[in-house]
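Subject: A structure to look through

Dear colleague,

I am passing on a structure that I would like you to read alongside the notes in this email.

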Amino acid sequence: RQSPLEELWNSAPSRDHVFDPQQLSALPAGARRYLEHAIVAGAPLASAVRLRMRGEIKLKGWCPFLAEEVICWERGMIWTAAVRMYGISIRGSDSFVDGHGGMHWMLFGIVPIVNASGPDINRSAAGRVNIESVWLPSVLCGDVLSWTKSDTSRPHARFTAHNETADIEYVVDENGRLSAVSMPRWGNPNGSEFHYASCGAFVEQEGRFGGYTIPTRIRFGWHFGTERFESEGEFFRATIDDATYR
């Protein structure tokens, strides 16, 4: 029997279209520069990406993890990980599939310690899928997006996907390389009531996989753009070791 992650990956539809930079001619300069940097001309416009990553996640302290993630744009994402906290193994997943979000984590892979779902989890997880489009930039080439003509170093995209409207700001250099991404996301940072709060990531490194240049080292968290990001908002640091597209 396939795991949920395998099933999601295998459900990704194949795409016949390839990336043509000329089709971006109507976009603002910053958006065009970002997408032309992120996708090689002629690369198939993928509908899904499978990532292998490692890093640290902030629980009570910073804990190392190994993880695999599938983002299938039409359906959502699944992130499965093994985390070590004080030498103890915690395994589980965060997911958003077909409109339903969930967080399911077990101690030693046996004892349930987190089992969260419901409308707030759905909205927060949907926001995560939308901002993680930086790992699947092919989905940012569609007609359903509106790009704001603003500062050429800060292209801004607005789109509705996974039952959530995303307002995403990208920070790019003159070559289109991404250095930061942020947006309002539904969540409860610091255990507060759920509300829209600024979340985002600094991109510290990039790499190319199968015609896509994507962030390969990021620092992600809440309160992005404020001093609180460094002191209390940052909770996720990841390095991408491999990315496969389909």
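Predicted model: local features only at pLDDT ≥ 70, side-chain atom pairs only at ≥ 80, totals over all residues.

Residues are numbered from 1 along each chain as its sequence is written, and side-chain values use heavy atoms, with hydrogens and water left out.

The protein has four helices and 13 strands, where helices (H or I, at least four residues) and strands (E, at least two) are DSSP runs numbered from the N terminus. Its radius of gyration is 17 Å, close to the 18 Å that the globule rule gives for 246 residues, so the protein is as compact as a globular protein of that length; the radius is taken over C-alpha atoms, and the rule is 2.2 Å times the number of residues to the power 0.38. Along the principal axes, the C-alpha atoms fill a box of roughly 55 × 45 × 30 Å.

Of the 246 residues, 50% are buried, a word that stands for under 20% relative accessible area, with exposed meaning over 50% and partly exposed lying in between (1.4 Å probe, protein chains only). Among contacts (heavy atoms within 4.5 Å) between residues at least 6 apart in sequence, 50% join residues at least 24 apart.

Turning to the cysteines, a disulfide is a covalent bond between the sulfur atoms of two cysteines, and here it is counted as a pair of cysteine sulfur atoms within 2.5 Å. By this rule the count is zero. C72 is in no disulfide, and the nearest cysteine sulfur, that of C141, lies 17 Å away. C72 is buried, with a relative accessible area of 1%, and C199 is buried too, at 0%.

The last point concerns backbone angles. Most residues other than glycine have a negative phi. H162, however, has a positive phi of about 60° although it is not a glycine; H162 sits in the loop between β8 (156–161) and β9 (164–172), and is buried with a relative accessible area of 12%. H223 also has a positive phi, near 60°, and its place is the loop between β12 (212–222) and α4 (228–233), where H223 counts as buried at 12% relative accessibility.
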